[in-house]
Amino acid sequence: MTIANPRSAIRFPEFDYQQRYWMIIDGEQVQAADGQTYRCVDPFEDAEWGYVPVAGASDVDRAVRSARAAFPAWAKTSPFARLELFRRWAQLIREHSSELARLQVHENGKTISEMNMVPGALAQSAEFCANYALTLHGETVTPIMPGHTAWTERVPIGVVAAIAPWNNPLGLLQWKLFGALASGNTVVVKPSEVTPVSTIRLIELALEAGFPPGVVNVVTGAGATGAALVEHPGIDKVAFTGSTATGRSIAQAIAPRLIRATLELGGKGANIVFEDADLDRAAEGVLTGIIAGTGQACNAGSRILIQSSVRDEVLARLENLMSQVVIGDPLEPTTQIGPLASRPQYKKVTGYFDIADGEEDTSLIVGGRCGTDVPGVTGGLFVEPSLYATPDRASRLRREEIFGPVGSVIIFDTEDEAVEIANDTEFGLVGGLWTRDLDRARRVSRQIDTGVVWINTWRAFSPNVPFGGRKVSGLGHEMGLDIFEEYTEPKAYWHGPDNS
Ligand code: NAD
């Protein structure tokens with residue numbers, strides 16, 4: 001085994017840093033046709049590891065053709081037979097949970113405490129989707145035309161392109177993959193270029209579980225590979241999670257073909273603390289909203305709205321909590337904040353510190369250090385959890401998705417003002433509020449224009465509860481009891497009157 005970095009040998013003794021990883025097309029491990037590869041980078045070690053294929057248009061074409069060829073048989077496979085495969089897959093995911101969690105930490109520097117929860121959740125989601133697919137059914141309808149009978153069945157859409165981001169590679173992919181496969185679609189997965197290997201392993205486990213060749217394929221590479229997939233005429237639906245900018249370009253690319261899309265995009269969640277809240281719990285929830293995933297979360301509560309009467313009490317709690325946050329090696333179980341996932345992301349987030357310096361009304365409340373200035377770290381792409389007061393509505397820190405542990409604090413006086421500020425954004429993914437007043441909880445939550453509203457909690461998820469954004473945060477939903485609306489469509493059949 002060759003180790004590129006001696007420090008790495010201690011952290012990931014199980015991985016060969018020179019390993020060549022393979023895409024999966026038609027049930028086989030393949031390299032790119034032109035042999036091109038790139039390297040992953042562990043953001044804590046700042047060390048390269050692995051060689052991953054860069055799929056070109058011909059590789060994408062091969063993957064889509066394979067999914068196309070596998071579709072008719074998979075669509076006809078009984079959901080009971082599919083359930084058996086999903087059960088085996090879920091079992092393998094559980095058996096490989098440590099490997100899958102550690103791979104994700106290696107790829108994107110997220111904390112092991114967070115990534116350890118992902119494989120179990122994946123297995124549950126897989127089982128939920130495959131079990132729930134047993135209930136898929138059509139309807140018999142009495143139509144307006146005399147003597148006729150009509151009925152429907154729900155049919156799969158076809159070949160789904162599942163494109164995922166790097167911030168939670170498997171967690172976000174599952175929301176597409178399992179629903180699509182369980183309801184009879186075939187899939188070509190394109191993971192983020194930052195986090196390809198954990199996805200390759202997940203799909204290898206699907207093959208090991210017995211999924212037929214071509215039913216689920218994975219091509220690796222960056223935006224050009226994703227674009228080639230989206231533009232391929234053999235794709236019937238795009239299920240995408242990523243930035244609003246990429247979501248828009250995908251929507252434009254597929255518009256001429258009018259194919260379906262689920263677009264899960266950016267967010268700028270408002271986390272509202274009312275004066276009647278349990279302030280200790282609220283402060284904990286605000287902290288979670290800012291630091292979970294090192295702030296690299298679409299569901300971040302990155303706008304913190306605090307009622308003026310409790311401003312000082314809440315900020316004192318937050319400063320105290322933030323001073324205790326453990327920053328460091330994401331493989332340490334006690335670490336709460338690891339490095340940012342990549343150097344471009346680090347540049348983007350720290351760029352907001354400079355933007356804040358240039359904004360007249362924006363001022364630092366706590367944090368604001370990065371790199372080796374962060375106490376207790378010796379290197380790496382670290383950013384301290386930070387809060388800025390942003391009274392100016394035009395502040396870029398207040399309006400833009402930073403995607404790091406940086407929160408924008410906004411003070412309000414009245415409930416109406418809180419709602420108005422919460423909705424004063426182009427995004428509409430998640431929002432939340434902290435209050436002990438049930439009437440207020442119901443009233444305000446109804447008025448917050450987001451796909452998800454959390455009341456006295458933050459970041460609660462379940463496979464049977466839908467997740468999706470409004471406004472520029474996206475189109476369509478993932479998970480929930482409507483999941484198959486996204487991956488099947490009703491087909492209507494008519495039977496004319498008989499001659500009697
Ligand atoms: P990104 O848009 O840069 O990339 C996402 C994926 O799209 C990657 O696999 C990338 O290679 C691919 N891609 C890039 N250009 C493409 C193109 N032209 N055509 C097809 N595919 C292309 O996003 P990111 O930086 O990886 O992820 C961060 C973003 O994801 C944030 O904006 C975040 O809010 C969003 N996100 C949203 C949700 C949600 O559920 N709404 C969840 C997590 C992350």
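In the predicted model, the buried residues of helix α16 pack against β12 (270-273), β13 (303-307), α15 (415-422), β18 (430-434) and β19 (452-455). The helix itself spans residues 438-447, and its buried residues are Arg-440, Ala-441, Val-444 and Ser-445. Viewed down the axis of α16, these residues fall within an arc of 115 degrees, so they line one face of the helix. An α-helix has 3.6 residues a turn, so residues three or four places apart point the same way. The face of α16 turned away from the buried side carries exposed residues, namely Leu-438, Asp-439, Arg-442 and Arg-446. At the start of α16, a side-chain oxygen of Asp-437 comes to within 2.9 Å of the backbone nitrogen of Asp-439.

Charged side chains were examined next. A search of the whole structure finds 30 salt bridges. Side chains of opposite charge can pair when their charged atoms come close. One of the salt bridges joins the side chains of Arg-201 and Glu-99, with an N to O distance of 2.7 Å. This pair links distant parts of the chain, since Arg-201 belongs to helix α8 (residues 196-209) and Glu-99 to helix α4 (residues 97-108), 102 residues apart. Arg-201 is buried, with a relative accessible area of 17%, whereas Glu-99 counts as partly exposed at 23%. The cut-off explains the two labels: a residue is called buried when its relative accessible area is under 20%.

Another salt bridge is formed by the side chains of Lys-237 and Glu-486, at 3.6 Å from N to O. Here too the pair links distant parts of the chain, with Lys-237 in strand β10 (residues 237-241) and Glu-486 in helix α17 (residues 483-487), 249 residues apart. Both Lys-237 and Glu-486 are buried. A further salt bridge, of 3.8 Å from N to O, is found between the side chains of Glu-48 and Arg-39. Glu-48 counts as partly exposed, at 41% relative accessibility.

Asp-236 is buried, with a relative accessible area of 19%. Its side chain and that of Arg-68 are joined by a polar contact of 2.9 Å. A polar atom of the Asp-236 side chain also lies 2.8 Å from the backbone nitrogen of Val-159. When neighbours within four places in sequence are left aside, the residues in contact with Asp-236 are Arg-68, Ile-157, Gly-158, Val-159, Ile-259 and Arg-260.

Glu-401 lies in the loop between α14 (396-399) and β16 (406-412). This residue is buried yet has no salt bridge, the nearest side chain of opposite charge being that of Lys-348, 5.1 Å away. For a salt bridge, the nitrogen would have to be within 4 Å of a carboxyl oxygen. A polar atom of the Glu-401 side chain does, however, lie 3.0 Å from the backbone nitrogen of Gly-267. Apart from neighbours within four places in sequence, Glu-401 is in contact with Gly-266, Gly-267, Lys-268, Cys-298, Lys-348, Tyr-352 and Phe-427.

A backbone N or O atom of Ala-164 lies 2.7 Å from an oxygen atom of the ligand. An N or O atom in the side chain of Ser-243 is 2.7 Å from a ligand oxygen atom, and a polar side-chain atom of Trp-166 lies 3.0 Å from an oxygen atom of the ligand.

Finally, the backbone angles were considered. Most residues other than glycine have a negative phi. Leu-258 is not a glycine, yet it has a positive phi of about 55 degrees. Leu-258 lies in the loop between α10 (244-254) and β11 (260-264) and is exposed, with a relative accessible area of 72%. Lys-471, likewise not a glycine, has a positive phi of about 50 degrees. Lys-471 is found in strand β20 (residues 470-471) and is partly exposed, with a relative accessible area of 35%.

Technical notes:
Residues numbered from 1 in each chain as written. Predicted model: local features only at pLDDT ≥ 70, side-chain atom pairs only at ≥ 80, totals over all residues. Heavy atoms only, no water. Buried < 20%, exposed > 50% of the residue type's maximum accessible area, 1.4 Å probe, protein only. Helix = DSSP H or I, 4+ residues; strand = E, 2+ residues; numbered from the N terminus. Arc of directions from axis to C-beta. Contact = heavy atoms within 4.5 Å. Polar contact = N/O pair within 3.5 Å; in protein donor to acceptor, adjacent residues only side chain to side chain. Lys, Arg positive; Asp, Glu negative; His and termini not counted.
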